[in-house]
Amino acid sequence: MIDPDAGWLTQRLTLEPLRPDSAAELFPVLDDAELHTFTGGAPLLLTELEARFTRLATRRSGDGSQVWGNWLVRLTDGGAAVGTLQATLPAGGPGEGAAEVAWVVGRAWQGRGMASEAATSLVGLLRADAWTVVAHVHPDHVASQGVARAAGLVPTDVVVDGEVEWRSA
């Protein structure tokens, strides 16, 4: 099964497990109201981001029913942090439900295929472990639809909180 405490490399990216101290590095990337255009909410303060990353670094939901994989997405060449990648997995394994994935890439690095590269690699690892993979994408978020498509996901008729569920074939 995919190890939420391990990272991996893609062609251009290094994926590292998110840690509480990742907040300081990612804060300038994520402190952008436009990243919330389709998801709602607002950027977190640095202290709130640190608290969130501390919670995510436990790698499990409080009730133990979910395993949380959260990774910092970094350019291998130069080392800049460009975003995050996540997978929420039923703790009982693939037979218990789908793995849900999500991605965020800072606007300074958007349009260069980094979200697609990161998401495609994560979906590939999950599929190799027999997971069905889903992502929820706002119907007007064309860029994220492209990322989902590149990762091998297809839109369904299921809508959750106004977002279309994309699912592995």
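**Notes on the chain**

Reply: This is a predicted model. In it, A130 lies in the loop between α3 and β6 (133-137).

Me: What is the phi of A130?

Reply: Although A130 is not a glycine, its phi is positive, at about 75 degrees. A130 comes after helix α3.

Me: And is A130 buried or exposed?

Reply: A130 is exposed, because its relative accessible area is 55% and the cut-off for exposed is over 50%.

Me: Where else is there a positive phi in a residue other than glycine?

Reply: D161 is a residue of that kind, with phi near 50 degrees. D161 is found in the loop between β7 (153-160) and β8 (163-168). With a relative accessible area of 77%, D161 counts as exposed.

Me: Back to α3: what should its 15 residues span, and how far apart are its end C-alpha atoms?

Reply: Helix α3 covers residues 114-128, and at 1.5 Å a residue it should span 21 Å. Its end C-alpha atoms are 21 Å apart, so the two values agree.

Me: Which residues are buried in α3?

Reply: The buried residues of α3 are M114, A115, S116, E117, A118, A119, S121, L122, V123 and L126.

Me: Another helix, then. Where is the place of S22?

Reply: S22 belongs to helix α1, which comprises residues 22-30. S22 counts as buried because its relative accessibility is 3%, and buried means under 20%.

Me: With which residues is S22 in contact, leaving aside neighbours within four places in sequence?

Reply: Those contacts of S22 are with P17, F53 and L72.

Me: Now the whole chain. How many helices and strands are there?

Reply: The protein chain has 4 helices and 8 strands. From the N terminus on, the order of elements is β-β-α-α-β-β-β-α-β-α-β-β. The radius of gyration is 15 Å, close to the 15 Å that the globule rule gives for 169 residues, so the chain is as compact as a globular protein of that length.

Me: What box do the C-alpha atoms fill?

Reply: Taken along the principal axes, the box is roughly 35 × 35 × 30 Å. Buried residues make up 43% of the 169 residues. Of the contacts with a separation of 6 or more, 60% come from residues 24 or more positions apart.

Key:
Residues numbered from 1 in each chain as written. Predicted model: local features only at pLDDT ≥ 70, side-chain atom pairs only at ≥ 80, totals over all residues. Heavy atoms only, no water. Helix = DSSP H or I, 4+ residues; strand = E, 2+ residues; numbered from the N terminus. Expected span 1.5 Å × (residues − 1). Buried < 20%, exposed > 50% of the residue type's maximum accessible area, 1.4 Å probe, protein only. Rg over C-alpha atoms; globule rule 2.2 N^0.38 Å. Contact = heavy atoms within 4.5 Å.
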